[in-house]
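The sequence and structure are shown first.

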Amino acid sequence: MIPLLLVSVFSLASGETYIPPYLEGEPVSMQVISLDPPDYRGQQVFRLEFQLQQPTGQLVTGMIHRSAEEFIQFNSMLHSRWIFDSVADVVLPEVMTVESLDKYLQLAASHASVLKSTELHDFLGINWSGSDLTFMSNLTDFMKIVIPALYRSPEFPPEPPVFDTDLDAILADETPFEVYLYLNAYRAKDHIEEYLAFFNNFTNSCPSYEGLPDDSDVQPEGVTVDIPPHFNQTYVHFLPGGYLNGHTVRISYLGRSKFNFLHEDLLEEWLVKLYGGMKPKRIMDIGTGPGFSAFVLAKIFPDAEVIAVDLAAPYIRMARQWQVLRNVTNVQFYQANAEDLSWLESDSFDLISYAYVLHEMPAENCLRIISEMYRLLKVGGVMNGFEVPYVENPLMRYEFVRLNTWGYDWNTPGPQGPEPYIGEYEFGAQLTKSLDEAGFRDVNQIEYSLFESVFQARK
């Protein structure tokens, strides 16, 4: 017989960072311990503690918070789905207190069929991590995201993380809750307002990467940044308040496990393959976000100066903190508008790169960035873009736009799809044509996947 050891895997105190662990095993017992303060949704929640027997035989203690509404939902599932085992004795109390709900759980636990059920496991936030999801890596895996029958999402959200500091939000691994949050965004078309409220409630609990009110702490000296109207009007990827809302930094940072060219290993592989023979002295990274591609460029070209810019000041603050942690010295991060980089000299960059930028704006803004890239490059300099494909077949392009916008118009108030501006990009900017018209030569689109291509052009 395997000896049973009891190990606690949680610690949660007010004001402390808490990263919920992934727990796997069969419930042995569970208790309602306390009524805790409101959670990220603003709901009073009961704290449940439970013991799991892991496959190794070890007993592990876990914790989850559940609201009264979630107890009601679980009870409804229990009494509508249990056909071969009577659970008539498991009655949800009319007055929910720590004591009455604890008795309820003990009655539920007296049924082996309940203890072994997926419903209870989801309620306890166990046996699901989503770590095998690769999201946008290929079409097969993407179908798992958008078709619920191909990949199961828990019926209750796992325990959310709590972050006390900006650095904690950089250092912490992705949690099952955050995978759940990402996954259900792609399944929210029929209940988008409800999902956005859920998304907003959680992001508001994340660090905001605040600085000076005028953002001068992250701007080039003597330079002010004009924010184009669209950037604060229609938000991409469902981000509440868009990129200007610093509370979204953590979620965008986690995109590195969702989008191919946010993986630093893949970025390095392609940049070395395409430009490893270059010896650039000055490189620009546009729309750097948390800095993924900027750090890769700095690693590949250690003797080059890398200037990395982004419109969102909170993201630049996060990138600067990450830079210190990574001890990278040849990158300068600034808040700046890539449509107007007049503080930088013309013909001064050997390589300008970006990842997933131009499809996130109206066509006229995209064209201004293309013009600036051309101005800034030296003659013979190279533009590289890891970007959404330009679909040349008009019928396929129309369908591509429809799938990414969910049929909504970015300029019309109300719900939006995951990529509101994709129609502007595909039918307005038409990237390969725009690069050519701006004066670039050797314009090339290398198809990588359904979701991205590599664009190259030379001045």
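D217 is partly exposed, with a relative accessible area of 28%; by definition, buried means under 20% relative accessible area, exposed over 50%, and partly exposed in between (1.4 Å probe, protein chains only). R317 is buried, its relative accessible area being 8%. The side chains of D217 and R317 meet in a salt bridge at 2.7 Å, N to O. This pair links distant parts of the chain: D217 lies in the loop between helix 8 (192-203) and helix 9 (249-253), R317 lies in helix 12 (residues 313-326), and the two are 100 residues apart.

The model is predicted: local features need pLDDT of at least 70, side-chain atom pairs count only at pLDDT 80 or more, and totals for chains, interfaces and linings use all residues. Residues are numbered from 1 along each chain as its sequence is written, and side-chain values use heavy atoms, with hydrogens and water left out. Helices (H or I, at least four residues) and strands (E, at least two) are DSSP runs, numbered from the N terminus.

**Salt bridges**

The structure holds 21 salt bridges, each defined as a side-chain nitrogen of Lys or Arg within 4 Å of a carboxyl oxygen of Asp or Glu. Three of these pairs are described here, including that of D217 and R317, that of E70 and R41 and that of R282 and E305.

| Salt bridge | N to O distance |
|---|---|
| D217 and R317 | 2.7 Å |
| E70 and R41 | 2.9 Å |
| R282 and E305 | 3.1 Å |

R282 and E305 meet through their side chains. R282 belongs to strand 5 and E305 to strand 6 (residues 305-310), so the pair ties together parts that are 23 residues apart in sequence. E305 is partly exposed, at 28% relative accessible area.

Salt bridges that share partners join D39, R41, R66 and E70 into one network. Within it, the side chains of E70 and R41 meet. E70 is buried, with a relative accessible area of 6%, whereas R41 counts as partly exposed at 21% relative accessibility.

**Helix 13**

Helix 13 (residues 363-376) has 14 residues, and at 1.5 Å a residue it should span 20 Å; its end C-alpha atoms are 20 Å apart, which agrees. The expected span is 1.5 Å times one less than the number of residues. Its buried residues are A363, N365, C366, I369, I370, E372, M373 and L376. These buried residues pack against strand 5 (282-286), strand 8 (349-355), strand 9 (377-387), helix 15 (422-429) and helix 16 (431-437), where contact means heavy atoms within 4.5 Å. Strand 5 also holds R282 of the pair with E305.
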